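Dear colleague,

Please find the structure below, followed by a short account of its contacts and surface.

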Amino acid sequence: MKVLRRSGDAVMDAELRVAWAYRAWSGLPTEGRGVGPAPLGAEAQARTGPRPDAAAKRWAAVPVGG
């Protein structure tokens, strides 16, 4: 709770950026009703894109129950 009281705006900003990047990566709409403006610029989007791909590959390699 202390972190949220001190840094709530920064935490919310980070959460929105991650949620938007996930939407873009997973093919969900990134424009239109209820989505809002993109919180990441083109350069940040280009840097962010490969990371979920790499994480998905690592996750897929984990054995069931691992």
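Arg-47 and Glu-43 are joined through their side chains by a salt bridge at 3.2 Å, N to O (a side-chain nitrogen of Lys or Arg within 4 Å of a carboxyl oxygen of Asp or Glu). This is a predicted model, in which local features need pLDDT of at least 70 and side-chain atom pairs count only at pLDDT 80 or more, while totals for chains, interfaces and linings use all residues. Residues are numbered from 1 along each chain as its sequence is written, and side-chain values use heavy atoms, leaving out hydrogens and water.

Arg-47 and Glu-43 are four residues apart in helix H2 (residues 42–48), about one helical turn; helices are DSSP runs (H or I, at least four residues), numbered from the N terminus. Glu-43 is exposed at 61% relative accessible area, whereas Arg-47 is partly exposed at 49% (buried is under 20%, exposed over 50%, partly exposed in between, with a 1.4 Å probe and protein chains only).

The structure holds two salt bridges. In the other, Asp-13 meets Arg-17, with the closest N and O atoms 2.9 Å apart. Asp-13 and Arg-17 lie four residues apart in helix H1.

One aromatic pair was found in a search of the whole structure. Tyr-22 and Trp-25 form this tilted pair, 6.0 Å centre to centre with 45 degrees between the planes (ring centres within 6.5 Å, using the six-membered ring of Trp; stacked under 30 degrees, edge-to-face over 60, the rest tilted). Tyr-22 is partly exposed at 48%, as is Trp-25 at 35%.

Yours sincerely

How values were computed
Helices (H or I, at least four residues) and strands (E, at least two) are DSSP runs, numbered from the N terminus.
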